[in-house]
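Here are some notes for a colleague who is opening this structure for the first time. Please keep the sequence and the coordinates in view while reading the points below.

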Amino acid sequence: MTTTKSKVVYNPVFTDGAEFRIPTFKLLKQDGSLYKGAKAPDLDKEKALRIYRAMVTTRILDERMLAAQRQGRLSFYMQCTGEEAAVIGSTAALDDADMIMAQYREQGALTYRGFTIDEFMNQLFGNELDYGKGRQMPVHYGSSKLNYMTISSPLATQIPQATGYAYGQKLKGDGHCTITYFGEGAASEGDFHAALNMAAVHRVPVIFLCRNNGYAISTPAAEQFAADGVAPRAYGYKMDVIRVDGNDILAVHEATRAARKLAVEHNRPVLIETMTYRLAAHSSSDDPSGYRSKDEEAVWREKDPILRMRLWLESKKWWSEDDEKQLQENMRREVLETMKRAQKRPPPALDTLVSDVYDEVPPALAEQFDRLKAHIRRHPDAYPKSAEHAKREA
């Protein structure tokens with residue numbers, strides 16, 4: 001059975017969806033001017049500058065922390081470079097009480113909502129102030145106060161989780177929604193399809209935002225799927241969909257604002273495909289020179305989303321060269337100083353390995369933990385950061 005009546009034909013007719021051509025929504029040219037006929041979203045100066053500062057802060061944080069990884073200070077890092085507009089522009093269109101379920105490159109969303117450089121550093125270095133108590137890899141942030149679900153490593157698991165959380169929001173009826181971020185590679189996982197089907201059938205307030213950045217690690221989009229990107233998949237689930245220039249901060253903001261209205265007011269899930277480019281490597285473990293050319297990267301560097309917004313701000317007399325210089329200097333100094341402080345903080349206490357897993361630590365686990373402490377005390381040189389804790393807890 002189908003949910004609608006279909007036309008009856010008497011000769012075999014095959015369709016491949018080529019008749020559906022999804023347009024790309026744009027507002028802002030690279031020179032900071034609007035396209036003819038385009039109307040900028042209703043952004044006041046204060047909010048526009050909040051967005052821009054979050055973009056610049058994210059870019060500087062990424063540059064500095066990749067350098068720290070190369071110096072051996074961090075084990076791992078992933079950058080948002082080139083995708084700041086897709087992440088921050090969409091976050092800025094939400095209510096701060098809306099839930100964010102991110103993948104790996106959404107540190108800009110946290111920056112916009114007020115996550116401090118200190119909080120970033122504590123997680124990256126896994127010290128005693130890390131909310132995750134050092135249990136996660138770097139860049140696996142989370143913040144309950146900012147409604148940002150803690151990142152998990154398995155690819156695409158956050159997508160069906162977002163549908164489930166949004167279903168709870170629908171039942172609660174508090175006027176909020178959930179947004180989940182993922183790349184076009186994650187959209188090839190079964191979790192993506194299960195999530196979209198459930199969201200459409202149960203009509204829940206969720207926004208699926210795909211950052212189509214051209215590559216799933218080293219696999220180009222052309223080798224991932226034959227269809228016209230990710231957006232057409234929404235038709236299979238009778239879901240609202242929009243494709244937007246992911247480097248156009250104004251278009252991303254307006255598309256997400258309209259999507260949120262559909263989600264919250266009408267319980268209609270929405271798929272947004274932002275067309276952007278990953279200027280950085282997939283991660284600090286990746287070398288993109290092995291699968292893409294410098295010429296290709298140069299073309300996209302000319303489409304830098306941060307520069308595009310800066311030019312728009314300058315055209316409105318909301319930003320200047322002096323403002324830019326001061327922001328860059330202040331943020332670089334803050335990142336470096338905060339990193340030094342975070343590195344000096346001790347790791348989480350050893351008992352945090354088990355202290356909040358059970359109401360009462362089971363005897364078997366307590367015995368294992370005692371053996372661990374004894375082992376560390378016998379080999380303090382091999383565990384310098386933990387030896388002091390083990391000595392104090394003896």
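1. The centres of domain 1 and domain 2, taken over C-alpha atoms, are separated by 37 Å. Domain 1 consists of 24-33 + 41-279 + 292-344, and domain 2 covers 350-392; such bounds come from an automatic or database domain assignment. This is a predicted model, in which local features need pLDDT of at least 70 and side-chain atom pairs count only at pLDDT 80 or more, while totals for chains, interfaces and linings use all residues. Residues are numbered from 1 along each chain as its sequence is written, and side-chain values use heavy atoms, with hydrogens and water left out.

2. Helix H1 (residues 45-70) packs with helix H10 (residues 321-344) at an angle of about 45°, their axes lying 10 Å apart. Helices (H or I, at least four residues) and strands (E, at least two) are DSSP runs, numbered from the N terminus, and axes are lines fitted to C-alpha atoms, for helices over the stretch in contact, with angles running from 0 to 180 degrees between N-to-C directions. H1 and H10 are therefore oblique to each other, given that angles under 35 degrees count as roughly parallel, over 145 as roughly antiparallel, 65 to 115 as roughly perpendicular and the rest as oblique. The crossing of H1 and H10 is right-handed; a crossing is right-handed if the near helix is turned clockwise from the far one by less than a right angle, and left-handed if anticlockwise.

3. On the H1 side, the residues that meet H10 include Tyr 52, Val 56, Ile 60 and Arg 64, and among those on the H10 side are Leu 327, Met 331 and Val 335. This contact (heavy atoms within 4.5 Å) divides into 11 nonpolar, two polar and five charged residues, where Ala, Val, Leu, Ile, Met, Phe, Trp, Tyr, Cys and Pro count as nonpolar, Asp, Glu, Lys and Arg as charged, and the others, Gly among them, as polar.

4. How do H1 and H9 cross? Their axes come within 10 Å and cross at roughly 150°, so H1 is roughly antiparallel to H9. H1 passes H9 in a left-handed crossing, and the contact includes Leu 49, Tyr 52 and Val 56 of H1 together with Ile 306, Met 309 and Trp 312 of H9. The residues of this contact comprise 11 nonpolar, no polar and two charged.

5. Helix H5 (residues 158-172) and helix H6 (residues 190-202) pack with axes 7 Å apart, at an angle of about 20°, and are therefore roughly parallel to each other. The contact is made by residues including Thr 163, Gly 164 and Tyr 167 of H5 and Ala 195, Met 198 and Ala 199 of H6; by class, it holds seven nonpolar, three polar and two charged residues.

6. Is helix H2 (residues 84-92) buried or exposed? Nine of its nine residues are buried, so H2 is largely enclosed by the rest of the structure; buried means under 20% relative accessible area, exposed over 50%, and partly exposed in between (1.4 Å probe, protein chains only).

7. Two loop residues can be set side by side. Gly 214, between strand E5 (206-212) and strand E6 (215-216), is buried, with a relative accessible area of 18%, and beyond its neighbours within four places in sequence its contacts include Glu 184, Pro 220 and Thr 276. Lys 317, in the loop between helix H9 (305-315) and H10, is exposed, with a relative accessible area of 71%.
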